[in-house]
Amino acid sequence: MSRPTEITIDLQALSHNVTLTEGLAPNSHHMAVIKADAYGHGACDIARALEGRVRLFAVSSLDEAVVLRDEGIHTPILLLEGCFDDGELKTASALGFHTVLHNESQLTALQRVPLNSPMHVWLKVDTGMHRLGIPSERVHQVFEKLRGCENVEDITLLTHLACADSVDTAMTVRQLDRFRQVMSSLPTGLPRSIANSAAILAHPQSHTEWNRPGIMLYGLSPFEHAHPAADRLKPVMTFHSEVIAVRDIPRGESVGYGAVWTATRPSTIATVAVGYGDGYPRNARNGTPVLVKGQRASLAGRVSMDMITVDVTEIGDVKVGDPVELWGQQLNANEVAQWADTIGYELVTRMPKRTPRRIVT
Ligand SMILES: *Cc1c(COP(=O)(O)O)cnc(C)c1O
């Protein structure tokens, strides 16, 4: 038998999450954000499962979009950071991609480069995140230039919220106000896009023609706090392995590199075939929950490249070959993330190529 470490991708959970998302914002369209290899879930597999279900995909870069086209994905794709040079603009136009326009050099490129077919342009407004976007006071002028540009098919206004996941709504209210002000300086009836997962879940006033769910499609909550709708999402990725060794050690003995965990009682230690080389975070602390045979145990000692050690003293009768879940449907990735000073987004997204992925339907 080969090394048992793998992730499974549950397409029924994905479908459940899409349905839940649509139910929260029944008057919006939803593009599926599948950047960064669909947050580590496999962009081609996720896109294939969602073709016909959503009308638009969003990725970060032209390269990510081209891979999807090459794999036979026909749904239109939005480039969230836009085009980086004239050549990209030509390719994006030829392949029918939509592009974000977030700065004025992208505007001059669009005015200068001859394109065979005009593009769907998503004009990004900086309403306070101060990462990407045209400053709100410049939007009117940029919009007028776009409207007069023959390379532009149509224009959607878009902004991104900095604090949609926070229980403090002041920043979100301020950004939505600014966006409303910008819209009032433009012709009426233009399509808009504001909401990410957190805003879809927590800020119905941000729902517009196009919402942009990412993490919630993969079944993880964007919040640190409990939330009734977010808590009904189903994790799509489950990260599995198995116990490959079991030993009893006396009180006072330590475990693993650096001897950073010491038994305070006679203990049973299970060694599991997963480590940071497989995507398990090296900085996970002693005590991080690990599910062995469906029961909670805790990480004991430093994470190695290919192995972790787990205190299974309380579980009893743990054997080589017993199943282990690192995170997924029984143990939420967001809970594990807290033990590694990160968020579930990062844990799933940085899954390395080494880890085999299996689709379950
Ligand atoms: C990644 C991203 C999203 C999706 O965010 P989630 O928090 O995963 O829902 C939406 N909009 C933009 C511009 C993004 O970059």
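What follows describes the pockets, the ligand and the cavities of this structure.

This is a predicted model, in which local features need pLDDT of at least 70 and side-chain atom pairs count only at pLDDT 80 or more, while totals for chains, interfaces and linings use all residues. Residues are numbered from 1 along each chain as its sequence is written, and side-chain values use heavy atoms, with hydrogens and water left out.

Rolling a probe the size of a water molecule over the atoms shows where empty space is left. Here the search runs on a 1 Å grid over the protein atoms alone: a cavity is a set of points where a 1.4 Å probe fits but cannot get out, and a pocket is an open set with protein on both sides within 12 Å along at least five of seven lines. Lining residues have an atom within 4 Å of a point. A volume is the space filled by probe spheres set on the points, which are joined across faces, edges and corners.

The largest pocket holds about 1200 Å³ of space. Its lining comprises 45 residues, and Ile215, Ser221, Pro222, Ile343 and Tyr345 are nearest the centre. Two or more lining residues come from each of helix 2 (35–40), helix 9 (197–202), helix 10 (333–339) and helix 11 (344–349); helices here are DSSP runs of H or I with at least four residues, numbered from the N terminus. Helix 10 contributes the most, with four residues. The lining has 22 nonpolar, 14 polar and nine charged residues, where Ala, Val, Leu, Ile, Met, Phe, Trp, Tyr, Cys and Pro count as nonpolar, Asp, Glu, Lys and Arg as charged, and the others, Gly among them, as polar.

The ligand sits in the largest pocket, meaning that more than half of its atoms lie within 2 Å of the grid points. Around the ligand are 13 residues, with Lys35, Tyr39, Ser197, Ile215 and Tyr345 the closest; a residue counts if one of its heavy atoms lies within 4 Å. Polar contacts are pairs of N or O atoms within 3.5 Å. A side-chain N or O atom of Lys35 is 2.6 Å from a ligand oxygen, and a polar backbone atom of Ile215 is 2.8 Å from an oxygen atom of the ligand. Arg212 places a polar side-chain atom 2.8 Å from a ligand nitrogen.

The second largest pocket has a volume of about 150 Å³. Among its lining residues are Ile7, Asp37, Thr349 and Arg357.

Three cavities of 30 Å³ or more are present. The largest cavity holds about 40 Å³, and its lining has nine nonpolar, three polar and no charged residues.

Notes. A polar contact is a pair of N or O atoms within 3.5 Å; within protein, one must be able to donate a hydrogen and the other to accept it, and residues adjacent in sequence count only if both atoms are side-chain atoms.
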